[in-house]
Amino acid sequence: DTSEGAFSVYQDEAYYNGFSSIDERGVCPLGWSSGSEGSWTTLAETNGGLSSAWDELRSELWNGNNQSGFSCLPRGYRRWHDGEYVNLNGMAYFWTDALDGESLIDFRVSSNNAVTVGPNSTLNDGFSIRCTKD
């Protein structure tokens, strides 16, 4: 429950709050970012669109074909209000660097064959960050 960049580690996975993704100090190395809403949407669109990109983005270890090379694995997220790690085997959540009002846009890949890009309810949840070259 902070308004600054923070992270936690659980089972060798780092979970960053949304403030980390938009922190002026940068969570990614120079020349890299957590990606705009547009870059995440383009990733999905170039891999079959939001309705079918899940197979192209998911690792073979997660029953995908990984044609994109993205190698997505389900890591779930950390809920801010109780610190619980949830959806560990069913969803992958990634922060973008795009604000929508007071919510941060996120990118989600699920085990029920869905990919979404949209605003999250709170910047305090802990999601993964995938740095992309600017």
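Predicted model: local features only at pLDDT ≥ 70, side-chain atom pairs only at ≥ 80, totals over all residues.

## Charges over rings

Arg58 lies over the face of Trp62, at 4.7 Å from the ring centre, where a charge counts as sitting over a ring if NZ of Lys or CZ of Arg is within 6 Å of the ring centre and within 35 degrees of the ring normal.

Residues are numbered from 1 along each chain as its sequence is written, and side-chain values use heavy atoms, with hydrogens and water left out.

## Aromatic rings

Trp40, Phe70, Phe94 and Phe107 form one aromatic cluster; rings of Phe, Tyr and Trp (its six-membered ring) pair if their centres lie within 6.5 Å, and planes under 30 degrees apart count as stacked, over 60 as edge-to-face and the rest as tilted. By this rule there are twelve aromatic pairs. One of them joins Tyr77 and Phe127 edge-to-face, with 5.6 Å from centre to centre and 80° between the planes. Tyr77 and Phe127 are both buried, a word that stands for under 20% relative accessible area, with exposed over 50% and partly exposed in between (1.4 Å probe, protein chains only).

## Salt bridges

The whole structure holds four salt bridges, each being a side-chain nitrogen of Lys or Arg within 4 Å of a carboxyl oxygen of Asp or Glu. Among them is the bridge of Arg79 with Asp82, whose closest N and O atoms are 2.8 Å apart; Arg79 is partly exposed at 24% relative accessible area, and Asp82 is partly exposed at 37%. Another joins Arg108 to Asp106, again with the closest N and O atoms 2.8 Å apart, and here Arg108 is partly exposed at 23%, whereas Asp106 is buried at 2%.

An open sheet has three strands in the order 6-7-8, with antiparallel pairing; strands (E, at least two residues) are DSSP runs, numbered from the N terminus, as are helices (H or I, at least four), and two strands pair if DSSP finds at least two bridges between them. Strand 6 (91-100) and strand 8 (115-119) stand at the edges with a single partner strand each, so one side of each is left without a neighbour in the sheet. Strand 7 (residues 103-110) pairs with strand 8 over five bridges, and Arg108 has Thr116 in strand 8 as its bridge partner.
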